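Please look over the model shown here before reading the notes that follow. They are arranged by topic, with the cut-offs stated where each term comes up.

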Amino acid sequence: MRKKFIAGNWKMNTRSIDGELLAADVVKGLGSGSNVTVAVCPPFPFLARIAQVVKGTSVALGAQNCYPKDDGAFTGEVSPAMLVDVGCAYVIIGHSERRQFFHDTNDFVNAKVHAALKAGLQVILCIGETLDDRKSNRTEAVLDAQLTGSLAKITSVELAKMVIAYEPVWAIGTGVNATPQQAQDAHAFVRRRVAQLCGDAAAHALVIQYGGSVKPDNAATLLNQPDVDGALVGGASLKADDFLAIVRAGVR
Ligand code: PGA
């Protein structure tokens, strides 16, 4: 059975002191652990400090982006090796906000995925359709293109170090979440498509998170869907109580 995975994407929020308090509250609330994998993904400047807060606990650390080179003249960028160096286990790649505001293409996302895996990070790869895509019945075509492009030359062994987050763009930060059935349908499609790309066994083992307005009051029904293996949580991850309630919704 796939272990549920709840990750908090803090986006460009918090300052160092409240980020540390938030991480400490998550650690405290989680105690010695549960049968759910939990990670927090703070902004770059706070990673090293929050690494100290979560060190030796059942909360893992993730970053929200990376650049696909080890070192070099890439002003303003952060390499996967640097993320490993400060204690990250995960990195979110291809978030729709990066695709939308920073023009991350599927090719660039693919390069980041390869670089992150090579550095030893586990990747949370985000995909998802816009409202226009859904309204014009292009959801599966868009997911297909994102999967094919972002997973180019990824082997089944590499896929084992990856998580896919299905995040319909229209549900992110809007308070309008996908219905459990819409989420299940999309997740089942993603798993079928990944099976074609990387094989049945790898697809069966793949953790697929849902993201988009996940809150304490809707988490349980979403997480109860057979192909929904966790959640990537934005807004609700900024309040420890809400985030912990979502984690508890994933406990079996
Ligand atoms: P949200 O964000 O929970 O605030 O909708 C989710 C995400 O963008 O990962």
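Buried means under 20% relative accessible area, exposed means over 50%, and partly exposed lies in between, with a 1.4 Å probe and protein chains only. This is a predicted model, in which local features need pLDDT of at least 70 and side-chain atom pairs count only at pLDDT 80 or more, while totals for chains, interfaces and linings use all residues. Residues are numbered from 1 along each chain as its sequence is written, and side-chain values use heavy atoms, with hydrogens and water left out.

**Barrel and packing helices**

- Helices (H or I, at least four residues) and strands (E, at least two) are DSSP runs numbered from the N terminus, and two strands pair if DSSP finds at least two bridges between them.
- In the order β1-β2-β3-β4-β5-β6-β7-β8, 8 strands close into a barrel with parallel pairing, and the twist from one strand to the next averages 25 degrees.
- Strand β3 is joined to the parallel strand β4 (residues 90–93) by 2 bridges, and alanine 63 stands opposite valine 91 in β4.
- Helix α2 lies across β2 and β3 and runs at about 170 degrees to β3, where axes are lines fitted to C-alpha atoms, for helices over the stretch in contact, and angles run from 0 to 180 degrees between N-to-C directions.
- Helix α9 (residues 180–198) packs on the sheet and touches β5 (122–127), β6 (162–166) and β7 (207–211), its direction making about 145 degrees with that of β7.

**Helix α1**

- The 15 residues of helix α1 (residues 16–30) should span 21 Å at 1.5 Å a residue, and this agrees with the 21 Å between its end C-alpha atoms; the expected span is 1.5 Å times one less than the number of residues.
- Gly19, Glu20, Leu22, Ala23, Val26, Val27 and Leu30 are the buried residues of α1, and they line one face of the helix because, seen down its axis, they fall within an arc of 160 degrees, taken over the directions from the helix axis to the C-beta atoms.
- The cover over these buried residues includes β2 (36–41), α2 (47–54), β3 (59–63) and α12 (240–249), whereas Ile17, Leu21 and Lys28 are exposed on the other side of α1.

**Two buried positions**

- Asparagine 110, in helix α5 (residues 106–119), is buried with a relative accessible area of 12%.
- Contact means heavy atoms within 4.5 Å, and, leaving aside neighbours within four places in sequence, asparagine 110 is in contact with Gly149, Ser150, Leu151, Ala152 and Ile154.
- Leucine 222 lies in helix α11 (residues 216–223) and counts as buried at 2% relative accessibility.

**Salt bridges**

- The structure holds 12 salt bridges, each being a side-chain nitrogen of Lys or Arg within 4 Å of a carboxyl oxygen of Asp or Glu.
- Aspartate 229 forms a salt bridge with arginine 2, with the closest N and O atoms 2.9 Å apart, and the pair links distant parts of the chain, 227 residues apart.
- Aspartate 229 counts as buried at 3% relative accessibility, and arginine 2 is buried with a relative accessible area of 17%.
- Aspartate 133 forms a salt bridge with arginine 138, the closest N and O atoms being 3.0 Å apart; aspartate 133 counts as buried at 11% relative accessibility, whereas arginine 138 is partly exposed, with a relative accessible area of 41%.
- Salt bridges that share partners join Arg2, Arg191, Asp227 and Asp229 into one network.
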